[in-house]
Amino acid sequence: MAPPPQLTRDLRAALSGGELWIAFQPQYDLDPAGPVDAAAATDPVAVEALCRWNHTLLGAVPPDTFIPLAEAGRFLDEVDLQVFGRATEQVLRWREAGHALGLSVNASPAHFSRRYADTIVARLDRLGVDPAGMTVEITEAPTPQLRPEMITAMQALQSVGIAISVDDYAGGDTTVAMLEALPIDEVKIDRSLTQRTDAEAHDAVAAVVDSSARNGWRVVAEGIETFADLQRSRERGCDLGQGYLWGLPMPSEEMDALLAAG
């Protein structure tokens, strides 16, 4: 693999040249009365936009390699905003075609600020997109490093109808009590809890679901890969689910086909 300095330069060039692409992972309603067979699932209710990079020489570079490079190079905000803009335009096209999809995008705590929030709102205004159904995910549990400007940014987004999500909750350093102190609308259960069957994992998810009933949050189960994961997440009371059971994150062309078949 190329040394990090060269890889960082290549990433900057890919960002400037529009060579990064977006994979969309569908999210499904986990109605307990819904079909057990994932193949019979209803249409997706939302998609998460995930940044992808195919290097001209190295092939697919995983996000856990290039995202830290962008953060270290102090241009991760540019990556996140480009993904947001392009994903929003795509979801707008799907909505205009009659598919009422929500959209989730990721934002790093490294640049999550009022400036970022104002940029997001301005882009939605420019595109004429209704903020309802839009969700911004904080890509790391924010509580241990929460800054006052992050709270201000969360509130600014919520004030126009954009939901705030805490991603990858795994019942570790971030507790339910910490979540309840935040202005949030959604908690995403990490696959490490979704796929576990032990009592400790069940209790950790139950605590979030119980709190969601009091606070009006959505609970999303990530990493659903088997029918057992699906049934377990339904029984635990999660509202939405996503994962490889329904297929890998896909380019927009494959999402077109999925939506057309629905």
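Select E225 first. At 33% relative accessibility, E225 counts as partly exposed. That class lies between buried (under 20% relative accessible area) and exposed (over 50%), using a 1.4 Å probe and protein chains only. The model is predicted: local features need pLDDT of at least 70, side-chain atom pairs count only at pLDDT 80 or more, and totals for chains, interfaces and linings use all residues. Residues are numbered from 1 along each chain as its sequence is written, and side-chain values use heavy atoms, leaving out hydrogens and water.

**Stop 1: the partner of E225**

The side chains of R191 and E225 form a salt bridge at 2.8 Å, N to O. R191 sits in helix 7 and E225 in the loop between strand 8 and helix 9, so this pair ties together parts that are 34 residues apart in sequence. A salt bridge here is a side-chain nitrogen of Lys or Arg within 4 Å of a carboxyl oxygen of Asp or Glu. Helices (H or I, at least four residues) and strands (E, at least two) are DSSP runs, numbered from the N terminus.

**Stop 2: strand 7**

How many salt bridges does the rule give? The count comes to 10. Select K188 and E48 for one of them: their side chains meet at 2.9 Å, N to O. K188 belongs to strand 7 (residues 186-189) and E48 to strand 2 (residues 46-55), so the pair ties together parts that are 140 residues apart in sequence. Both K188 and E48 are buried.

Now pick E186 and R218. Their side chains form a salt bridge, 2.9 Å from N to O. The pair links distant parts of the chain, with E186 in strand 7 and R218 in strand 8, 32 residues apart. E186 is buried, at 1% relative accessibility. R218 is partly exposed, with a relative accessible area of 29%.

**Stop 3: Q242**

Move to the loop between strand 9 (240-241) and helix 10 (252-261), where Q242 lies. Is Q242 buried or exposed? It is buried, with a relative accessible area of 2%. Show its side chain. Another, of 2.9 Å, reaches the side chain of K188. A polar contact is a pair of N or O atoms within 3.5 Å; within protein, one must be able to donate a hydrogen and the other to accept it, and residues adjacent in sequence count only if both atoms are side-chain atoms.

Next, show the contacts of Q242 (heavy atoms within 4.5 Å). Beyond neighbours within four places in sequence, they include Q25, P26, E48, V220 and E222.

**Stop 4: strand 1**

Select residues 21-29. This is strand 1, mostly covered: 7 of its 9 residues are buried. It pairs with strand 2 in the antiparallel sense over 7 bridges. There, Q25 has E48 as its bridge partner. Strand 1 also pairs with strand 9, antiparallel, over 2 bridges. Look for D29 opposite L240 in strand 9. Pairing requires that DSSP finds at least two bridges between the strands.

**Stop 5: helix 9**

Finish with residues 227-236, helix 9. Its buried residues are D229, L230, R232, S233, R234 and R236. Which elements do these buried residues pack against? They pack against helix 7 (191-194), helix 8 (199-215) and strand 8 (218-221). Just after helix 9, select G237, which takes a positive phi of about 95 degrees.
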